[in-house]
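My entries follow in the order I made them.

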Amino acid sequence: MVSHLVNTIRNVVGITGNVIALFLFLSPVPTFIRIWKKGSVEQFSPVPYLATLINCIVWVIYGLPMVHPNSILVITINAAGTAIEVVFLALFLIFCHDKKKRLKVLLIIMVELIFMAALATLILTVLHTTQRRSIIVGIIAILFNVMMYAAPLSVMKLVITTKSVEYMPFFLSLASFANGVAWTTYAFLPFDPFIAVPNGVGTIFSLAQLLLYATYYKSTKRIIAARKEAKMEMHLSLSDVAVANGDVDPKKTAGATP
């Protein structure tokens with residue numbers, strides 16, 4: 001009776017975790033809409049998307065029936081996450097105008113795919129029990145899961161330096177925090193160290209990002225406002241120069257009718 005209740009709670013928490021994880025994977029959508037509109041990746045980093053891609057792939061391997069049975073919830077959400085990250089990285093490559101940076105991202109993707117293919121092949125051919133496969137893939141999954149949560153730390157350095165959270169997406173940090181809490185809870189029903197450790201660490205990293213966002217939110221607003229004001233002043237100065245040189249009709253510049 002108790003075991004059945006625990007399994008029911010575990011499934012409910014797992015489904016909730018899947019929904020939150022889906023929001024986590026989709027949280028960069030506003031960022032990519034901005035990239036699409038501006039036609040440039042600007043100072044956005046590809047690191048979180050590269051880290052999430054390899055993390056999702058390794059968890060798909062972990063959830064396979066021949067590796068860790070009864071993990072359908074792990075497979076479904078991470079398969080969806082893999083597809084979403086592929087789309088994000090494709091858009092990043094399209095709108096990245098720095099050839100060296102684009103080549104670097106492509107090389108990292110290739111290395112990730114080769115590594116995952118080699119891992120899956122070795123696990124399924126060399127190890128012959130699900131227990132051993134779960135342990136090896138689980139340890140590797142912990143490393144990549146922590147990397148995924150730690151990826152935004154590179155952006156946190158930029159935030160502290162510039163005192164601006166403009167390039168640290170809020171919804172990504174919030175979704176990461178909620179995802180970490182949900183899967184840490186799931187990992188204790190019953191206890192699964194391979195899920196508990198990385199998501200527990202991830203919860204702490206995500207909380208640090210949210211605190212940083214709260215610290216620099218107001219200064220970011222001031223910086224963006226000052227930038228817009230500077231652009232407006234520059235535009236007016238150029239208009240004045242054009243009028244002085246006789247390149248523009250002053251009546252049209254002032255918006256007057258003839």
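**Entry 1: a serine and its surroundings**

I looked up Ser-173 and found a relative accessibility of 2%, so this residue counts as buried, the cut-off being under 20%. I am working on a predicted model. I placed Ser-173 in helix 8, which covers residues 170–186.

Next I asked which side chain makes a polar contact with that of Ser-173. I found Gln-209, at 3.0 Å. I then listed what Ser-173 touches, leaving out residues up to four places away in sequence. The list reads Met-168, Ser-206, Gln-209 and Leu-210. Gln-209 therefore turns up both as a polar partner and among the touching residues, at the contact cut-off of 4.5 Å.

**Entry 2: helix 6 by itself**

I checked the span of helix 6, residues 130–150. From first C-alpha to last, its 21 residues reach 29 Å. That is close to the 30 Å expected at 1.5 Å a residue. I also noted buried residues in helix 6, among them Arg-133, Asn-145 and Tyr-149.

**Entry 3: helix 6 against helix 3**

How do I describe two packed helices? I use the angle between their axes and the distance between the axes. For helix 3 (residues 47–63) and helix 6, I read an angle of about 160° and axes 9 Å apart. The angle is over 145 degrees, so helix 3 is roughly antiparallel to helix 6. I logged their crossing as left-handed.

I noted who meets whom. Helix 3 brings residues including Ala-51, Asn-55, Trp-59 and Tyr-62. Helix 6 brings residues including Ser-134, Ala-141, Phe-144 and Met-148. Of these, I had already noted Ser-134, Ala-141, Phe-144 and Met-148 as buried.

How values were computed:
Residues numbered from 1 in each chain as written. Predicted model: local features only at pLDDT ≥ 70, side-chain atom pairs only at ≥ 80, totals over all residues. Heavy atoms only, no water. Helix = DSSP H or I, 4+ residues; strand = E, 2+ residues; numbered from the N terminus. Buried < 20%, exposed > 50% of the residue type's maximum accessible area, 1.4 Å probe, protein only. Polar contact = N/O pair within 3.5 Å; in protein donor to acceptor, adjacent residues only side chain to side chain. Expected span 1.5 Å × (residues − 1). Axes fitted to C-alpha atoms, helices over the stretch in contact; angles between N-to-C directions. Parallel < 35°, antiparallel > 145°, perpendicular 65-115°, else oblique. Left-handed = near helix turned anticlockwise from the far one by under 90°.
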